[in-house]
Amino acid sequence: MQYLGMIIGPMLDGTLVTLKMFFVTIILSLPLGLCLALARISRFKWLRGATGVYIWLLRGTPLMLQLLFVYFALPFIPYIGVRLPDFPAALVAFVLNYAAYFAEIFRAGIQSIDRGQYEGAKVLGMNYVQTMRRIILPQVICRVLPPVSNETITLVKDTSLIYVLAMNDLLRTARAIVQRDFTTTPFLVAAGFYLVMTLVLTWFFQRLEKRYGIYDE
Amino acid sequence: MKMLQAIDIYKRFQNLEVLKGISLTLEQGEVAAVIGPSGSGKSTFLRCLNRLETIDRGTIQIEGEVLVAPGPDGRSRYVPEPEARRICGRMGMVFQQFNLFPHLTVLDNLIEAPVVVKGLKREEVIPEAEELLRKVGLAEKRDSYPARLSGGQKQRVAIARALAMKPDIMLFDEPTSALDPELTGEVLKTMRKLAEEHMTMLVVTHEMAFAREVANRVVFMDNGEIVEEGTPKVIFNCPTHSRTKAFLEKVL
Ligand SMILES: Nc1ncnc2c1ncn2[C@@H]1O[C@H](COP(=O)(O)OP(=O)(O)OP(=O)(O)O)[C@@H](O)[C@H]1O
Ligand SMILES: [Mg+2]
């Protein structure tokens, strides 16, 4: 018990890093994903193509590779090369990667909406933006909540990849303590922390689904 | 006044010519029923009028304003989109499949477009919307979601929703075809009421009784053409064309 009290401090610090990474990634990648989804189905062929290539690249290579690339390789690229500190570098990789996944979820959601909804809005005089904002996207949100919830839970665990940039998130902290004290307890504590985080997320999304799913189709 | 004028409309899907030179004029307060066999292009014609489909050739004027007309090269040219939206705003449309917005309550279905498109205040539109719901007999459903309504109720909401934009012309594409037979009556009654208020209406329908009793004019379409048109009396009692006769024999 006393041992737990001793390691809980650093582990909470690690959790904070994990949570910070998680929240900032979610807040930035959801809107970016939506923009990419709209680009993916736009009337402009070049835009659809470019977005398709982007999504292919980001979903087709390991997230770990992307992390390493942004942190270690990006500084050496002529003109656009910048050297980012560890947190922003990891953030860029996570946001770009998760936006690609969210884009595909949103795209599928938007395309699952019946054509009659667009036509109903059009004959009432709504333009593209009004139709999307008021008619299509509210219905899309309700339909994509389950897959978005899935991705979100995956992200909580994916944040542990930032150990490769030597950032002290929850898992890296736990591992450091394990190696120092020769006990596996920190691993169990870390598992508990992750489970609590995903539990809260699950509960949160359940509530969202209840709230936005009051109408059934 | 000519409310709607379509002149020599041509429309093809890939290599299927669906409309082959359709012309139709509607006067203020006229109720025209469009009848004809399946696949004859009735829906397509209606959808061309409010640019749910774009035409290949021809002219469409709404209340004297040009929506689309042939350009110098003979191909049809639409007016710019905001202009087209304004012109088509004079027409309301009711679909076979209702197309209500499932995430909005009945009242919000009616209010959405006046608020979003016309920029009116919610509070201003609510009394009018409630009045419309009373008119279609659904005042007590104002807070229900569409999923909770019967087909007939949905279609009446759809009619009220179109009316909430205060259109001068109403287009109906088989408004009762998706309904159980015992539910068609309530929708037809609502449409009859509208006709009595001198709404200009263009109704694609399989309801011959409605066409006979409510319409001033019956238009028979077959194979992308208007074969024959006239008063219900003439079309139903002494049609001149053999195609009209054959069709009516089948459906009556
Ligand atoms: N979007 C489309 N793409 C290709 N072909 C189409 C399209 N819409 C309609 N058609 C074809 O155009 C023809 C006319 O269709 P339309 O729906 O206008 O007929 P209709 O008279 O309304 O028939 P119904 O009484 O069955 O509703 C049909 O052969 C149909 O298959
Ligand atoms: Mg049809």
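Helices (H or I, at least four residues) and strands (E, at least two) are DSSP runs, numbered from the N terminus. With that in hand, look at chain B: strand S2 (16–27) and helix H1 (42–49) each supply at least two residues of the shell around ligand 1. H1(B) gives the most, with 3 residues.

This is a predicted model, where local features need pLDDT of at least 70, side-chain atom pairs count only at pLDDT 80 or more, and totals for chains, interfaces and linings use all residues. Residues are numbered from 1 along each chain as its sequence is written.

**Around ligand 1**

Of the 13 residues around the ligand (a heavy atom within 4 Å), those that come nearest include B:Ser38 and B:Thr44. Here are some polar contacts, meaning pairs of N or O atoms within 3.5 Å:

| Atom in chain B | Distance to an oxygen atom of ligand 1 |
|---|---|
| B:Gly39, backbone N or O | 2.8 Å |
| B:Lys42, polar side-chain atom | 2.8 Å |
| B:Glu174, polar side-chain atom | 3.2 Å |

Taken alone, ligand 1 exposes 640 Å² (Shrake-Rupley method, 1.4 Å probe), and the protein buries 63% of that.

**Where the chains meet**

How many residues does each chain bring to the contact? Chain B brings 23 and chain A brings 22, with contact meaning heavy atoms within 4.5 Å. There are 2 salt bridges across the interface, each a side-chain nitrogen of Lys or Arg within 4 Å of a carboxyl oxygen of Asp or Glu. B:Arg47 pairs up this way with A:Glu119, their closest N and O atoms being 2.6 Å apart. On the side of chain B that touches chain A, H3(B) gives the most, with 4 residues.

Technical notes. Chains lettered and ligands numbered in written order. Heavy atoms only, no water. Polar contact = N/O pair within 3.5 Å; in protein donor to acceptor, adjacent residues only side chain to side chain.
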